[in-house]
Amino acid sequence: QLQIVESGGGLVQPGGSLRLSCVGSGFTMAAYAIGWFRQAPGKEREGVSCIKMSDGRTNYTDSVKGRFTISRDNAKNTVYLQMNSLKPEDTAIYYCAAAAPPLCSRVRFWGQGTQVTVSS
């Protein structure tokens, strides 16, 4: 059964850090581009970062550049999103998705999401 499971969300103070994990099962992540998306209350879902699993190429939305880092572990079928210097505006449900490479615009499967709340 194909499944994507995110974990690592939680409540953190502004300036803090979190690391999200995205684990795939029932398929090989190496054949896809894996993306992190987020949706804040009342807003549309937006792409945060994407990694092409075959060669590790990455991209980021401007608002997270220099603060977030996406990485992969093909052996573990896992993608990570290291989030540093978190801001209240980073508060959202974060979703992991597998997409047809090379970019993350053509999503094939979604995870259920993990809540990230940045608040003092």
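Is the disulfide of C50 and C104 right-handed or left-handed, and why? To find out, let us walk through this predicted model and come to that bond along the way.

Four strands form an open sheet, in the order β1-β3-β8-β7, and their pairing is antiparallel. At the edges you will find β1 (3-7) and β7 (68-73), each of which pairs on one side only. If you look at how neighbouring strands of this sheet lie against each other, they are turned by 15° on average, with direction ignored.

Now zoom in on β8 (residues 78-83), which is joined to β3 by six bridges, the two strands running antiparallel.

In general, a disulfide is a covalent bond between the sulfur atoms of two cysteines. The structure holds two disulfides. One joins C22 to C96, with a distance of 1.9 Å from S to S. Its torsion about the S-S bond is -75°, and the link of C22 and C96 is left-handed. Because C22 lies in strand β3 and C96 in strand β9 (residues 92-99), this pair ties together parts that are 74 residues apart in sequence. Both of these cysteines, C22 and C96, are buried.

The other disulfide brings us back to the opening question. It joins C50 to C104, and here the S to S distance is 2.0 Å. The torsion about the S-S bond of C50 and C104 is about 80°, so this disulfide is right-handed. The bond links distant parts of the chain, with C50 in strand β5 and C104 in the loop between β9 and β10, 54 residues apart. C50 counts as buried because its relative accessibility is 3%. C104 is buried too, with a relative accessible area of 11%. If you number the bonded cysteines of the protein chain in sequence order, the pairing reads 1-3, 2-4.

While you are at β5 (residues 46-52), look at K52, which lies in this strand. Would you expect its lysine side chain to be buried or exposed? With a relative accessible area of 17%, K52 is buried. Leaving aside residues up to four places away in sequence, K52 touches Y32, A33, R57, P101 and P102.

Next, let us turn to the aromatic rings. A search of the whole structure finds five aromatic pairs. One of them is formed by F27 and F109, an edge-to-face pair with 5.2 Å from centre to centre and 65° between the planes. This pair links distant parts of the chain: F27 is in the loop between β3 (18-25) and β4 (33-39), while F109 is in strand β10 (residues 107-110), 82 residues apart. F27 and F109 are both buried. Ring pairs also bring in Y32, linking F27, Y32 and F109 into a cluster.

Strand β10 takes part in another ring pair as well. F37 and W110 form an edge-to-face pair, with 4.9 Å centre to centre and 65° between the planes. F37 lies in strand β4 and W110 in strand β10, so the pair ties together parts that are 73 residues apart in sequence. How do these two residues compare in burial? F37 counts as buried because its relative accessibility is 12%, while W110, at 36% relative accessibility, counts as partly exposed.

Finally, some rings have a charged neighbour. The charged end of R19 sits over the ring of Y80, 4.2 Å from the ring centre. The charged end of R45 likewise sits over the ring of Y95, 3.9 Å from the ring centre.

Key
Residues are numbered from 1 along each chain as its sequence is written. This is a predicted model: local features need pLDDT of at least 70, side-chain atom pairs count only at pLDDT 80 or more; totals for chains, interfaces and linings use all residues. Side-chain values use heavy atoms; hydrogens and water are left out. Rings of Phe, Tyr and Trp (its six-membered ring) pair if their centres lie within 6.5 Å; planes under 30 degrees apart count as stacked, over 60 as edge-to-face and the rest as tilted. Buried means under 20% relative accessible area, exposed over 50%, partly exposed in between (1.4 Å probe, protein chains only). A charge sits over a ring if NZ of Lys or CZ of Arg is within 6 Å of the ring centre and within 35 degrees of the ring normal. Two strands pair if DSSP finds at least two bridges between them. Axes are lines fitted to C-alpha atoms, for helices over the stretch in contact, and angles run from 0 to 180 degrees between N-to-C directions. Contact means heavy atoms within 4.5 Å. A disulfide is a pair of cysteine sulfur atoms within 2.5 Å.
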